[in-house]
Amino acid sequence: MTYADLSDALVSRFGDAVTGRSEFRGEWTLALRPDSIASACRFCRDELAFDLLLDISSVDLFEHDPRYELVYELYSLTHRLHLRLKTTAEAENPVVDTVCSIWPGANWHEREIWDMMGIRFAGHPDLRRIIMWEGYPYHPLRKDFPLEGKFSDVPDVAFTEPAPLAGGPFVTAPVAGNTEVREPRARRAGDPPPRRTFTAEP
Amino acid sequence: MSEHSPYAYDSKIEGNIIFTTLDTAINWMRSNSLWPMPMGLACCAIELMAAGASRFDIARFGAEVMRFSPRQSDVMIVAGTVTYKMALAVKRIYDQMADPKWVIAMGACASSGGMYRSYAVLQGIDHLIPVDVYVSGCPPRPEALLDGLMRLQQKIMGEPSFLEQKKELLASI
C-alpha cells in the first residue's frame, strides 16, 4: 500500500467530494467537502486501515472564505502511513459532522476545537467546553479575539479581565495579512503602520 | 545577643529565664514554625519542592511541614501561573486558612502574570488575595524562596498584634 493507492482509493470512492490533493515532502493531504468528511473518515478506518486518529486541529483563515479549516491527522498502524484530511467550515454557523463514532479519541479534540475556535460538531455526544469553563462567552483562538482578552464573569466559577499589553509585542492587529503582519514583534510610537502586504506568503 | 535584641537574658541564669514581650514571644513562635500551603500551579512548584528537599532543606527555617489542607497551614506559597480558571479556587483555599495567615507570591507569574500577558492568566495573585512577600524569578531559585521566607519571618517578628489589642483595650476602658 502506497500513498498513491490510498489517494486513488479515496478519489474513486468519493469523486467530486475530494476538492484537492497534494503531496509535500512525502506527506499526503486530501481536501474534502464538509458534508463528506465523516464518511471519508469512516472509509479510511474501515477500508484503508487508518486505525489511529492522531489529532484534529483547526485553522482560522481570517477574512478568507470559507473562514475555518479543519485538519485530521490519521495514522495507519497496519501500513505505517500518515494521511492528512482537510475540510472547511463557514464563518456563519460553522458546523462539521463529528467523527466520535469512528475514533472515540476524537471526543476531546472536537471539544477543544469547539472551545477554542467555536466550530460545532453535529452528532457529538458531549459537546462541552474543555479548557475554558462553561459560560465563558468567547472562543479565544479566533483571529478577531484580542490576545489581552475581554471582560467576562461567571459568578462563583471564574472571571476574566483584559491584560495590560501596552501595545507590546505579539499583539494581534485586526488587519489582513500573515502572522508577521498582524502580530509584529515590536511597535513603538511613530512606527509606520503595519504592512498590509504578505511577506512570506504569495 | 545584641543590645537591640527583643530578647534579654542574664548569662548567669542562662537557659532558665528570658525577658521579652508577649508580642515578641508569640511572633517568635509563629515565624519559626510556618506551615506552608503549597499552592503549586506550574514550574515554580518544582523549585518549591527543591527548596523542601535535602539540598536546600526549608526545614532549617521551620517551614518543612507542607500541609495539603488549608485548615492546618500558616503561609500559602503561590508557586506558579494563576489562570482565571484556577483563580477563584486559590481564593477559596486562602479563605479556608485559619488566621493568622500569610501569602508568598513565588515567581513572576504569581506576582504579576509574568510572561503571560494573555486572556487566560490572572495578572498577579494580589488581584484576589493580599500578598506579604513577592519573590522574583522565573522560576526563582530555592535560595530566593528561602530569602523570601526569611523576609516573611522578619515581617512577622515586627507584627504588633498584642500591642494593638492592648491599646484597643485601654482605649475602650
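B:Pro38 has B:Ile77 as its bridge partner in E4(B). This is a predicted model: local features need pLDDT of at least 70, side-chain atom pairs count only at pLDDT 80 or more, and totals for chains, interfaces and linings use all residues. Residues are numbered from 1 along each chain as its sequence is written, while chains are lettered from A and ligands numbered from 1 in the order in which they are written. Helices (H or I, at least four residues) and strands (E, at least two) are DSSP runs, numbered from the N terminus. Two strands pair if DSSP finds at least two bridges between them.

**Chain B: the sheet**

- Chain B has an open sheet of four strands in the order E3-E4-E5-E6, with parallel pairing.
- Its edge strands are E3 and E6 (133–135) of chain B, and each pairs on one side only.
- From one strand to the next, the twist averages 15°. Angles run from 0 to 180 degrees between N-to-C directions, and axes are lines fitted to C-alpha atoms, for helices over the stretch in contact.
- E3 (residues 36–40) of chain B and E4(B) run parallel and are joined by five bridges.
- Opposite B:Met39 stands B:Val78 in E4(B).

**Chain B: the enclosed strand**

- How many residues of strand E4 (residues 75–79) of chain B are buried? Five of the five are, so the strand is largely enclosed by the rest of the structure.
- Buried means that 20 or more other C-beta atoms lie within 10 Å of a residue's own; exposed means 12 or fewer, and partly exposed lies in between, with C-beta atoms placed from the backbone.
- Both faces of E4(B) are covered. B:Val75, B:Ile77 and B:Ala79 are buried on one side, and B:Met76 and B:Val78 on the other.

- H5(B) lies across E4, E5 (102–106) and E6 of chain B, and runs at about 165° to E6(B).
- Two packed helices are described by the angle between their axes and the distance between the axes.
- The axes of H1 (residues 22–31) and H5 (residues 142–157) of chain B come within 8 Å and cross at roughly 160°. H1(B) and H5(B) are therefore roughly antiparallel. The angle classes are under 35 degrees for roughly parallel, over 145 for roughly antiparallel, 65 to 115 for roughly perpendicular, and oblique for the rest.
- H1(B) passes H5(B) in a right-handed crossing. Right-handed means that the near helix is turned clockwise from the far one by less than a right angle; anticlockwise is left-handed.
- H1(B) brings B:Asn27, B:Arg30 and B:Ser31 to this contact, and H5(B) brings B:Gln153, B:Ile156 and B:Met157. Residues are in contact if their C-beta atoms, placed from the backbone, lie within 7 Å.
- The residues of the H1(B)–H5(B) contact divide into two nonpolar, three polar and one charged. Ala, Val, Leu, Ile, Met, Phe, Trp, Tyr, Cys and Pro count as nonpolar, Asp, Glu, Lys and Arg as charged, and the others, Gly among them, as polar.
- The axes of H2 (residues 44–52) of chain B and H5(B) come within 8 Å and cross at roughly 75°. H2(B) and H5(B) are therefore roughly perpendicular.
- Here the contact is made by B:Glu47, B:Leu48, B:Ala50 and B:Ala51 of H2(B) with B:Pro142, B:Leu145 and B:Leu146 of H5(B). These residues divide into six nonpolar, no polar and one charged.
- B:Asp147 is found in H5 of chain B. B:Asp147 is partly exposed, with 14 other C-beta atoms within 10 Å.
- B:Asp147 and B:Val133 are 14 residues apart in sequence and 10.0 Å apart in space, C-alpha to C-alpha.

**Chain A: overview**

- Chain A has four helices and nine strands, in the sequence pattern α-β-β-α-β-β-β-β-α-β-β-β-α.
- Of the 202 residues in chain A, 24% are buried.

**Chain A: the sheet**

- Five strands of chain A form an open sheet in the order E1-E2-E5-E4-E3, with mixed pairing.
- The edge strands, E1 (18–24) and E3 (52–60) of chain A, each pair on one side only.
- Neighbouring strands of this sheet are turned by 20° against each other on average, direction ignored.
- E2 (residues 27–32) and E5 (residues 81–89) of chain A run parallel, joined by three bridges. A:Ala31 has A:Lys86 as its bridge partner in E5(A).
- H2 (residues 37–46) of chain A packs on the sheet and touches E2, E4 (68–76) and E5 of chain A. The direction of this helix makes about 170° with that of E5(A).
- H3 (residues 106–117) of chain A also packs on the sheet, touching E3 and E4 of chain A, and its direction makes about 10° with that of E3(A).

**Between the chains**

- The contact takes 13 residues from chain A and nine from chain B.
- On the side of chain A that touches chain B, the residues divide into nine nonpolar, three polar and one charged.

Notes. Contact = placed C-beta atoms within 7 Å.
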